[in-house]
Amino acid sequence: MSEAVSRALTLELQQVSRSYRSGDDDLTILKETDFALHPGEMVALVAPSGTGKSTLLHLAGLLEAPSRGDVLINGKETRRLGEAGRTALRRDEIGFVYQFHHLLGEFTACENVMLPQLAAGQSPRDARQRAEDLLGRFGVQHRLESLPGRMSGGEQQRTAIARALANAPSLLLADEPTGNLDVKTADLVFGELTRVVRQEGAAALVATHNEALAASMDRTVTLRDGKIVPF
Ligand SMILES: Nc1ncnc2c1ncn2[C@@H]1O[C@H](COP(=O)(O)OP(=O)(O)OP(=O)(O)O)[C@@H](O)[C@H]1O
């Protein structure tokens, strides 16, 4: 695996609001909130179901735009970058573990982890080697050539974590990364995820209901009345 340390990345939310239309009303999930994640920092996001954890991660990962306010990456206002600029940032800097893994069903586990690397210009040989290394670290080396539909939920989730780390992101955003795993596997997978993130110098924001995992990170935040506040 590459030992290259990722570029230091700072994520900031400035006065971010996000509302959704619900019938005739606006449902406000985030309300003029600020937040900063510093290079190399691992932060847990612990909040009850439905309070907006996924929404926050999608905004931070530039998958959705805020209704108001802006998301800054290394001081750059991402609203001004345009879709192409945001797509390049997502590809080159951000790894995202979705709550429901979203693997591509027609590709094998190994190919799912290779694809983001190929899109970023990596050679097939290097992409395969990193994919095999990562899948091995997460204990799914026996599934390299399996299609996601033939894998267990936990194996798919571990593959999705490997995929999120494929391009050595400087920012990892993870939505319940160990939600599909039993306690022992969750500990192992989370321990490995932390090792890779720390080793590669990434910053991470991890939504989890697991307070023991949260306690192992640098700090924990929660959502209260639409604001991101210390837990
Ligand atoms: N695209 C959308 N359109 C309308 N409402 C939405 C949309 N996405 C999320 N919501 C609403 O926003 C609220 C927050 O949802 P979100 O998925 O961010 O919560 P969460 O804290 O991640 O929940 P969980 O822990 O259950 O995954 C919910 O009430 C949800 O119904």
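Guide: Two strands are taken as paired here if DSSP finds at least two bridges between them. The model is a predicted one, and the part to look at is strand β9, residues 219–224, which pairs with strand β3, residues 42–45, in the parallel sense over 3 bridges. Within that pairing, Ala44 stands opposite Thr220 of β9. β9 also pairs with strand β10, residues 227–230, this time in the antiparallel sense and over 4 bridges, and there Thr222 has Val229 in β10 as its bridge partner. The hairpin that β9 and β10 form has 2 residues between the strands, and in this hairpin Asp225 takes a positive phi near 50 degrees.

From Pro230, one can turn to Lys76, which is 154 residues away along the chain and whose C-alpha atom is separated from that of Pro230 by 25 Å. Lys76 lies in strand β5, residues 76–77, and is classed as partly exposed because 15 other C-beta atoms lie within 10 Å, whereas a buried residue would need 20 or more and an exposed one 12 or fewer.

The remaining feature to describe is the ligand, and the residues around the ligand include Tyr20, Ile29, Ala47 and Gln99, together with Ser49, Gly50, Thr51 and Gly52. Lys53, Ser54 and Thr55 are also among the residues around the ligand, and helix α1, residues 53–60, gives the most to this shell, with 3 residues. Sorted by class, the shell holds 7 polar, 3 nonpolar and 1 charged residues.

Methods. Residues are numbered from 1 along each chain as its sequence is written. This is a predicted model: local features need pLDDT of at least 70, side-chain atom pairs count only at pLDDT 80 or more; totals for chains, interfaces and linings use all residues. A residue is near a molecule or strand if its C-beta atom, placed from the backbone, lies within 6 Å of it. Ala, Val, Leu, Ile, Met, Phe, Trp, Tyr, Cys and Pro count as nonpolar, Asp, Glu, Lys and Arg as charged, and the others, Gly among them, as polar.
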